[in-house]
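Trainee: I would like to learn how to read a model like this one. Please take me through it feature by feature.

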Amino acid sequence: MTPKRVVVVGGGTGGTILANKMVSLLRSETSEGKAEVHLFADSTEHVFSPGNLDIAFRGMVPASFRRREAALLNRRVVLHETAVNRIDLMNRTILYDSKVLNYDYLVLATGSVARPDVIEGLKEASHNFHTGQEDARKTWEALSRFSKGKLVVLTNIPHKCPPSPVEAVFLVEELMRERGLRDKVEIYYATPYTRAYPAPAIADVVEPLMEKRGIRLYNMFNTDYVDTKLRKVYSIEGEELEFDMLITVPPHRGADIVFRSEIGDAEGWIPTDRETMRYSNSDDVYVVGDATNIPISKSGVVAHLEAIVAAENITSDYFGTGKVYCYTGRINCPLELGGNRAVFVSATYEKPPTRQKPSEMKYLMKRTFASIYWEMLKGRLDPLFDLYFGKPYRVRVVEH
Ligand SMILES: Cc1cc2nc3c(=O)[nH]c(=O)nc-3n(C[C@H](O)[C@H](O)[C@H](O)COP(=O)(O)OP(=O)(O)OC[C@H]3O[C@@H](n4cnc5c(N)ncnc54)[C@H](O)[C@@H]3O)c2cc1C
């Protein structure tokens, strides 16, 4: 009997969690050779991306935020350390290294890519901590040389981790104070949103703190282009900002493979059902994490919870239980505010984030997360999370 095959593309947060969860849900099937779970990762190393903030603004060592992907996977997952070149949904195959592999279930967890190149002058003129550890390190080096002038933190949308640009500006401000340079540096924060943060309850917390720390806020600033010679950034709305140092969160796009395989929209986001994680209502293709077109925050937490939902739905379809698992849209993203304080942006599809007091406890929880992340990928902490937050899905039963 030919084993049924689940193929996962992308060995980041969502893909790794999903592959581990899948072999756990199909434990007896994989051990009896009735099912196989394959994971394609285009890198041998797994990076904990939130660590980029620590690299860029605290000068921490990049290697402490990396692990070998193979060490994070259940031994029953078949790992292919290579990129997938094309996805062929019509023929239910993927192409890689001039080979073809067919699938019974496909999961796309290909993430998002920071693309400073899509705005004129942005790549050349700015530093950023979203394109990878190396650029985060260069941001730290440039900050270490910076001693006076205008420093602009500029957000572009869409991007992963909604709190990250606000965290960046607070950490930069703190750094300048610690170095005794605060009176020599003017700090600006420019964002396309109408408030400092897209959720009003969180903006209510962030804006007074920005004012207190002398961070000048520019709302409704959609970057048009950057003049690299004049060192000015211009907005579509007609404003301009001069800078001596520009730190940006660039606009993001879907992964190359989405464009090559023609399975996404014009920006490379893949059409996905916001509850079931199914691709365009198909029963055999699922999408999780940043790669989806769902208007929810592109974050590791969301990738994690969507991976659980997709794995449950694949298992349900596999055994024909008639159960459909529906993601509630739960998010819990920490937002660091400097001064060892943080809030959590918590919401579901039904409930927007609520206002909260910044706390040291939440800051400590965020800092601890870096060390528990690796265990979380293996699914070991899910029972704890379920106990604290409840399940991230509702279950419907479909009559046959
Ligand atoms: C500075 C920063 C701070 C952040 N802080 C937080 C935080 O505090 N909390 C939080 O929840 N989230 C945070 N995030 C966001 C979080 O890291 C991402 O949202 C999360 O990693 C998304 O998971 P994913 O699996 O969808 O994508 P990824 O983790 O990006 O994984 C996608 C993987 O697919 C691979 N891939 C793409 N194409 C192919 C192909 N053709 N073949 C094989 N592999 C392929 C990519 O190389 C990548 O490894 C932060 C991100 C950044 C940059």
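**Reading the model**

Mentor: Helix 11 is followed by G390, whose phi is positive, near 90°. Helices (H or I, at least four residues) and strands (E, at least two) are DSSP runs, numbered from the N terminus. This is a predicted model, in which local features need pLDDT of at least 70 and side-chain atom pairs pLDDT 80 or more, while totals for chains, interfaces and linings use all residues. Residue numbers start from 1 along each chain as its sequence is written.

Trainee: Why does helix 11 lie largely in the open?

Mentor: A residue is buried if 20 or more other C-beta atoms lie within 10 Å of its own, exposed if 12 or fewer, and partly exposed in between, with C-beta atoms placed from the backbone. Of the 8 residues of helix 11 (382-389), the number buried is 0, so the helix lies largely in the open.

Trainee: What is the strand order in the open sheet of 4 strands?

Mentor: Strands of a sheet pair through backbone hydrogen bonds, either parallel or antiparallel. Two strands pair if DSSP finds at least two bridges between them. Here the order is 13-12-11-17, with parallel pairing. Strand 13 (215-218) and strand 17 (245-249) are the edge strands, each pairing on one side only.

Trainee: How many bridges join strand 11 and strand 17?

Mentor: Strand 11 (149-155) pairs with strand 17 in the parallel sense over 5 bridges. L154 stands opposite T248 in strand 17.

Trainee: Where does the ligand lie?

Mentor: Domain bounds come from an automatic or database domain assignment. Domain 1 (4-111 + 255-397) and domain 2 (115-252) both give residues to the shell around the ligand, so it lies between them.
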